[in-house]
Amino acid sequence: MPDEQVYDSPIDWVARHVRTYVESGGRKGHHKWGAPTLLLTTRGRKTGKLRRTALIYGRDGDRYVVVGSNGGARTNPDWYFNLREHPDVTVQVEGEVFAARARPADPEERPRLWRIMTQIWPTYETYQARLKREIPVVVLERH
């Protein structure tokens, strides 16, 4: 993505986590809440601005996997809608920053990837049990 201003999550505790992650070059903040986290930067579908958030992630070979749980909210997170519109994203894992292509997991791979993610963060199962929407699983593949 071009060198332009990046706007961190409007949620205060997420923004603090992102700042710590960025300012430490990924040395602090990578492990949060007992799980690995990455930073995902998407382009806003309405504003065109770059938006950055922190997410728990899993690995599937050389691919990264994240979940659009939105903390168990009834709607998908904004970052998910953004990447559906603009799938070229930037990812930071610890000190490494790279371009990636984001896509929802296809129906065949989703159950296996969902299991990977619920082993890392079992609360996803709790969220899914009380929601009518299917929580999205997203695959991030390096360019």
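**A close look at strand 4**

Modeller: Asp8 finds its bridge partner in strand 4, at Arg52. Strands here are DSSP runs of E, at least two residues, and helices are runs of H or I, at least four, both numbered from the N terminus. This is a predicted model, where local features need pLDDT of at least 70, side-chain atom pairs count only at pLDDT 80 or more, and totals for chains, interfaces and linings use all residues. Residues are numbered from 1 along each chain as its sequence is written, and side-chain values use heavy atoms, with hydrogens and water left out.

Strand 4 covers residues 50-60. Nine of its 11 residues are buried, so the rest of the structure largely encloses it. Buried means under 20% relative accessible area, exposed over 50%, partly exposed in between, with a 1.4 Å probe and protein chains only.

Now the neighbours; two strands pair if DSSP finds at least two bridges between them. Strand 1 (residues 6-8) pairs with strand 4 in the parallel sense, over three bridges. Strand 3 (residues 35-43) runs antiparallel to strand 4, and seven bridges join them. Leu38 has Leu55 as its bridge partner there. Six residues separate the strands in this hairpin, and Gly48 takes a positive phi near 80°.

Strand 5 (residues 63-67) is also antiparallel to strand 4, joined by four bridges. Asp60 has Arg63 of strand 5 as its bridge partner. This hairpin has two residues between the strands, with Gly61 at a positive phi near 65°.

Next, the pocket. The largest pocket holds about 820 Å³. A pocket is an open set of points on a 1 Å grid over the protein atoms alone, where a 1.4 Å probe fits, with protein on both sides within 12 Å along at least five of seven lines; lining residues have an atom within 4 Å of a point. Points are joined across faces, edges and corners, and the volume is the space filled by probe spheres set on them.

The lining has 32 residues, and Ile11, Thr53, Asn70, Pro77 and Trp79 lie nearest the centre. Strand 1, helix 1 (12-23), strand 4, helix 2 (78-85) and helix 4 (123-130) each give two or more residues to it. Strand 4 gives the most, with six. By type, the lining has 15 nonpolar residues, 11 polar and six charged. Nonpolar means Ala, Val, Leu, Ile, Met, Phe, Trp, Tyr, Cys and Pro; charged means Asp, Glu, Lys and Arg; the others, Gly among them, are polar.
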